[in-house]
Amino acid sequence: MTLSNAQKVFLFNLLKEKPVSRTYNNQSGRSLKKRGLVKYHIGFGWTLTESGIGAAKSIEDEVYLALHEVHDA
């Protein structure tokens with residue numbers, strides 16, 4: 001499954017319980033919802049599904065390194 005950088009960061013932030021947009025109109029959230037990786041709960045926001053947790057864990061190291069390269073540059 002190919003994910004954009006924004007989608008990878010969105011999954012990574014959900015996995016690490018970092019803030020993400022709580023609005024349903026978030027483009028990354030809606031595209032990941034179509035793939036079955038996240039769900040939207042009114043009043044709560046976005047959460048990972050079981051397959052979303054697996055996808056987020058599989059890209060965790062890649063996203064972590066990419067985020068720290070940006071800050072170290």
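The following dialogue examines a predicted model of a protein and the reasons behind the terms used to describe it.

Student: What makes up the protein, and in which pattern do the elements follow one another?
Tutor: The protein contains three helices and two strands. Read along the sequence, these follow the pattern α-α-β-β-α.

Student: How do you know that the radius of gyration agrees with that of a compact globule?
Tutor: A compact globule of 73 residues would have a radius of gyration near 11 Å, and the protein has 12 Å, so the value agrees with the rule. Along the principal axes, the C-alpha atoms fill a box of roughly 40 × 20 × 20 Å.

Student: Why is Phe 10 called buried?
Tutor: The term buried requires a relative accessible area under 20%. Phe 10 has a relative accessibility of 6%, and therefore Phe 10 counts as buried. This residue lies in helix H1.

Student: Which residues are in contact with Phe 10, leaving aside its neighbours within four places in sequence?
Tutor: With those neighbours left aside, Phe 10 is in contact with Val 20, Asn 26, Ser 28, Gly 29, Leu 32, Val 38 and Trp 46. Contact here requires heavy atoms within 4.5 Å. Between Phe 10 and Val 20, the C-alpha atoms are 6.9 Å apart in space, and the two residues are 10 apart in sequence.

Student: What makes Asn 13 a buried residue?
Tutor: Asn 13 has a relative accessibility of 15%, and the limit for buried is under 20%, so Asn 13 counts as buried. Asn 13 is also found in helix H1. Apart from neighbours within four places in sequence, Asn 13 is in contact with Lys 18, Pro 19 and Val 20.

Student: Which residues of helix H1 are buried?
Tutor: Helix H1 covers residues 5–15, and its buried residues are Gln 7, Lys 8, Phe 10, Leu 11, Phe 12, Asn 13 and Leu 14. For the protein of 73 residues, 32% count as buried.

Student: Why is Glu 17 called exposed?
Tutor: A residue is exposed if its relative accessible area is over 50%. Glu 17 has 73%, and therefore Glu 17 is exposed. Glu 17 lies in the loop between H1 and helix H2.

Student: Where does Lys 34 lie, and why is Lys 34 called exposed?
Tutor: Lys 34 lies in helix H2. Its relative accessibility is 76%, and the limit for exposed is over 50%, so Lys 34 counts as exposed. Lys 34 and Ser 58 are 24 residues apart in sequence and 19 Å apart in space, C-alpha to C-alpha.

Student: How do you know that strands E1 and E2 pair, and in which direction do they run?
Tutor: Pairing requires at least two bridges between the strands. Four bridges join E1, residues 38–41, to E2, residues 45–48, so the two strands pair. They run antiparallel.

Student: Which residues of E2 are the bridge partners of Lys 39 and His 41?
Tutor: The bridge partner of Lys 39 in E2 is Thr 47. For His 41, the partner in E2 is Gly 45.

Student: How many residues stand between the strands of this hairpin, and which phi does Gly 43 take?
Tutor: The hairpin of E1 and E2 has three residues between the strands, and Gly 43 takes a positive phi near 85°.

Student: What makes Glu 69 exposed?
Tutor: The relative accessible area of Glu 69 is 56%, and exposed requires a value over 50%; therefore Glu 69 is exposed. Glu 69 is found in helix H3, residues 50–72. Glu 69 and Leu 14 are 55 residues apart in sequence, and their C-alpha atoms are 20 Å apart in space.

Student: How far apart are the mean positions of the positive and negative charges?
Tutor: The mean positions of the 10 positive and 7 negative charges are 14 Å apart.

Note on methods:
Residues numbered from 1 in each chain as written. Predicted model: local features only at pLDDT ≥ 70, side-chain atom pairs only at ≥ 80, totals over all residues. Heavy atoms only, no water. Buried < 20%, exposed > 50% of the residue type's maximum accessible area, 1.4 Å probe, protein only. Rg over C-alpha atoms; globule rule 2.2 N^0.38 Å. Lys, Arg positive; Asp, Glu negative; His and termini not counted. Charge placed at Lys NZ, Arg CZ, Asp CG, Glu CD.
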